[in-house]
Amino acid sequence: MKYLVGCALALSFATTGSPVAQADSAPGCTDTPNAYTADWQTGWAAYQAEQTSPSSDTATQTADLPITINAPLEKVWTVYSNLRNDIGRHPLLTDIITHRTCTGPQIIDFTALENVPMGSVDYPAKTQAEQRLYPADHYYLTDSYDQPGVITHQKITFVDNGNGTTTVNEHITFTTNPLLLDFTADNGISSHRAYQATLKHDIENGTL
């Protein structure tokens with residue numbers, strides 16, 4: 001979030017160490033190769049290269065998007081951290097294609113397919129991303145890469161308010177060419193807010 005160009009040329013990374021591209025089999029991981037896997041590997045290599053040697057021709061913008069949901073923390077965590085629940089609720093997202101899932105820690109490598117409005121037409125975008133889950137600490141991280149060089153870091157935290165409600169905060173950092181930054185951040189923030197509102201509604205009314 002593209003899922004992040006939609007969410008970031010509009011999704012998707014929270015500030016952490018750089019993840020390692022998963023090209024070979026690894027213990028605790030299940031690979032599901034598909035027609036999008038080669039693109040994911042190429043995009044992730046570009047993401048890693050940027051993390052190792054950041055370009056001086058980029059700019060960054062950060063936003064916090066808190067929302068309080070009238071449901072217990074464990075319920076909100078289970079629904080909110082499930083990527084499949086984004087489909088049909090995120091305004092740009094059309095599908096999630098998984099390439100690898102790992103346990104200990106829980107990691108999902110995926111491609112988000114989006115239709116990004118570009119004037120009178122929709123642009124079919126692909127965001128290469130990785131989600132890392134930390135359920136014991138009630139937060140997860142999502143990092144993403146989009147052409148042409150849009151990187152998004154997300155840290156999503158969950159706080160039990162002690163009254164049956166849960167506050168979720170999406171801390172999002174957008175990094176890209178300065179000429180693209182305002183467009184990227186504005187579209188990313190608006191699409192995430194729309195997604196959050198729909199997810200809140202569906203959790204509170206029992207749809208999820």
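**Close-up views of a predicted model**

**View 1. The disulfide between Cys29 and Cys102.** At 18% relative accessibility, Cys29 counts as buried, because the cut-off for buried is under 20%. Its partner in this predicted model, Cys102, is buried too, at 8% relative accessibility. The two sulfur atoms sit 2.0 Å apart, and this is the one disulfide that the structure holds. The torsion about the S-S bond is about 110°, so the disulfide is right-handed. Cys29 belongs to strand 1 (residues 29-31) and Cys102 to strand 3 (residues 93-102), so the bond ties together parts that are 73 residues apart in sequence.

**View 2. The buried residues of helix 2.** Let's turn to helix 2, which spans residues 73-80. Its buried residues are Leu73, Val76, Trp77, Val79 and Tyr80. They pack against strands 2, 5, 6, 7 and 8, and against helix 3 (178-204).

**View 3. Gln154 in strand 7.** Gln154 is one to look for inside the model: with a relative accessible area of 3%, this residue is buried. Thr173 is 19 residues away from Gln154 in sequence, and their C-alpha atoms are 6.5 Å apart in space.

**View 4. A nonpolar patch on the surface.** Here you can find Met118, Val121, Tyr123 and Phe183, which together have about 350 Å² of accessible area. Among them, Tyr123 is placed in strand 5. Tyr123 is partly exposed, with a relative accessible area of 42%.

Technical notes. Residues are numbered from 1 along each chain as its sequence is written. This is a predicted model: local features need pLDDT of at least 70, side-chain atom pairs count only at pLDDT 80 or more; totals for chains, interfaces and linings use all residues. Side-chain values use heavy atoms; hydrogens and water are left out. Buried means under 20% relative accessible area, exposed over 50%, partly exposed in between (1.4 Å probe, protein chains only). Helices (H or I, at least four residues) and strands (E, at least two) are DSSP runs, numbered from the N terminus. Contact means heavy atoms within 4.5 Å. Patches are made of residues with over 30% relative accessible area and no salt bridge: like charges are joined within 9 Å, nonpolar side chains (Val, Leu, Ile, Met, Phe, Trp, Tyr) within 5 Å. Accessible areas come from the Shrake-Rupley method with a 1.4 Å probe; for residues, only the protein chains shown count as cover. A salt bridge is a side-chain nitrogen of Lys or Arg within 4 Å of a carboxyl oxygen of Asp or Glu. A disulfide is a pair of cysteine sulfur atoms within 2.5 Å.
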